Amino acid sequence: MDIIKKLEILSEDSQYDLACACGTSKGGQRKKSSDGKWLYPVPLPRGGYSILLKTLLSNACSNDCKYCPLRSDSNIRRCTIKPEETASLFMDYYRKNAIHGVFLSSGVHDTPERTMQLITDTAALIRRNPQARKAFIHLKVIPGCSEAAVEMALKYSNAVSLNIETPGEKHFRGLSSRKDYESDIIRLLKFISRNTGPGTAHPKTKCSTQFIVGASDETDSEIINYTFGIYERLKFKRVYFSAYQQGLGSPDIAGELKFSLSSSEDRLTREHRLYQADFLIRKYAFAKEDMIFSPGGNFSLEKDPKLIWAENHHAFYPVNINTASEENLLRVPGIGPETTLRILKLRKIHWLSNLSEIGLKGKHSVKTAPWIKFN
Ligand code: SF4
């Protein structure tokens with residue numbers, strides 16, 4: 001199989017792993033370049049997008065995670081690309097300014113250690129090329145590898161990620177017979193945390209992780225509980241959520257988990273609600289006790305978590321647009337960080353008297369109007 005064919009297969013298969021800085025909007029995760037490769041738009045902190053080449057280095061995997069289309073018993077075309085092949089393809093794109101970096105992941109090719117070697121050898125080849133010194137490199141850490149292998153990954157990367165998969169061992173147990181939750185995943189997440197951030201050798205490395213949603217019987221409340229721990233204790237930059245896609249996983253997963261109780265659509269809505277809640281944690285200063293779940297422990301499928309909070313705190317409203325603190329403005333349904341900044345700026349100049357002055361029109365103003373006042 002030639003390099004181009006291999007890259008086509010491997011970059012196509014990498015779509016199942018979204019734990020990187022890729023957009024999470026529908027259809028926003030990837031786009032095809034003119035020559036058919038999958039490239040990934042990454043939102044930049046100050047707006048706009050940059051592009052990453054995202055690929056697996058191997059779609060062969062010795063593990064049997066039931067939710068994953070690459071598991072060892074799945075009947076797919078397997079291939080592995082060599083470090084020098086990936087590095088050379090990366091440089092072709094990079095020289096043309098078609099991409100600003102690379103996201104490298106892999107199935108477990110033989111052993112976690114050998115797979116990490118493949119990943120870090122590729123990253124080293126790219127990083128050592130004088131033309132690519134500033135390239136953005138995001139590396140996936142393979143569960144079960146050694147701490148020395150993680151150190152090598154940190155040496156060559158700007159960002160690393162390792163999927164936590166489930167909130168706790170009890171939910172993971174039924175999903176994989178070969179990966180150990182504590183020693184293969186949690187141990188390495190803690191190691192990454194100890195070796196990144198202020199005062200370490202890697203103060204600027206961005207760390208992220210991802211949950212698979214609905215492949216086990218976990219609840220949103222458990223996922224959110226872990227999410228707080230990941231931000232507060234591990235100091236990770238981002239947590240991602242990926243709805244389990246029925247049909248891609250092992251056929252016996254459905255029977256075991258009684259999927260009749262949770263449709264694919266519901267799992268996608270759960271993923272969306274978890275991203276909304278994650279946004280409230282990171283950008284709106286929502287605390288753990290501000291997360292309101294249905295009796296079963298999940299977020300409402302019908303309403304977003306911020307609206308649910310508002311409906312449970314009527315005494316807090318209406319919020320006075322002209323006098324409220326930034327924190328209180330952020331609690332108003334339909335008002336986000338950008339609108340809040342606009343309000344704070346405008347009200348220094350004059351007294352605000354209607355929603356169109358702060359840029360809220362149509363359905364946005366309908367959503368916000370019941371929760372505010374101007375006097
Ligand atoms: S380790 Fe599990 S999740 Fe990762 S590629 Fe292999 S089967 Fe898939």
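**Reading burial, helices and cores**

Modeller: Leu307 counts as partly exposed because 16 C-beta neighbours lie inside 10 Å. Please keep in mind that this is a predicted model.

Biologist: Where does Leu307 lie?

Modeller: Leu307 belongs to helix 10, residues 305-311. Although Leu307 and Lys367 are 60 residues apart in sequence, their C-alpha atoms are 9.4 Å apart in space.

Biologist: How many helices and strands does the protein have, and what share of its residues counts as buried?

Modeller: The protein has 13 helices and 10 strands. Of its 375 residues, 40% count as buried. As for contacts between residues at least 6 apart in sequence, 67% of them join residues at least 24 apart.

Biologist: Which residues are buried in helix 7, and against which elements do they pack?

Modeller: In helix 7, the buried residues are Asp220, Glu222, Ile223, Ile224, Thr227 and Ile230. They pack against strand 7 (206-213), strand 8 (238-243) and helix 9 (264-283). Helix 7 itself spans residues 220-232, and its 13 residues reach 18 Å from first C-alpha to last, close to the 18 Å expected at 1.5 Å a residue.

Biologist: Which residues touch the most other members of the largest nonpolar core?

Modeller: They are Val102, Val141, Ala153 and Val160, in a core of 71 residues. Helix 3 (residues 112-128) supplies the largest share of this core, 6 residues. A second, separate core has 11 residues, among them Leu329, Leu330, Val332 and Ile372.

Biologist: Which residues does Val102 touch, not counting those up to four places away in sequence?

Modeller: With those set aside, Val102 touches Leu52, Leu53, Phe90, Ile126, Ala135 and Ile137.

Biologist: Which residues surround the ligand?

Modeller: The ligand is surrounded by Cys61, Asn63, Cys65, Cys68, Leu70, Arg71, Gly107 and Val108. Sorted by class, this shell has 5 nonpolar, 2 polar and 1 charged residues.

Biologist: Where do Asp110 and Glu165 lie?

Modeller: Asp110 is in the loop between strand 4 (101-105) and helix 3, whereas Glu165 is in the loop between strand 6 (159-161) and helix 5 (169-172).

Biologist: Why does Asp110 count as partly exposed, and why does Glu165 count as buried?

Modeller: Asp110 counts as partly exposed because 14 other C-beta atoms lie within 10 Å. Glu165 is buried because 24 other C-beta atoms lie within 10 Å, and the cut-off for a buried residue is 20 or more.

Biologist: Which peptide bond is cis?

Modeller: The bond from Tyr317 to Pro318 is cis, with omega near 0°. Pro318 lies in the loop between helix 10 and strand 9 (319-320).

Terms used
Residues numbered from 1 in each chain as written. Predicted model: local features only at pLDDT ≥ 70, side-chain atom pairs only at ≥ 80, totals over all residues. Near = placed C-beta within 6 Å. Nonpolar A, V, L, I, M, F, W, Y, C, P; charged D, E, K, R; others polar. Helix = DSSP H or I, 4+ residues; strand = E, 2+ residues; numbered from the N terminus. Buried ≥ 20, exposed ≤ 12 C-beta atoms within 10 Å, placed from the backbone. Contact = placed C-beta atoms within 7 Å. Core = buried A, V, L, I, M, F, W, Y, C linked by C-beta atoms within 7 Å. Expected span 1.5 Å × (residues − 1).
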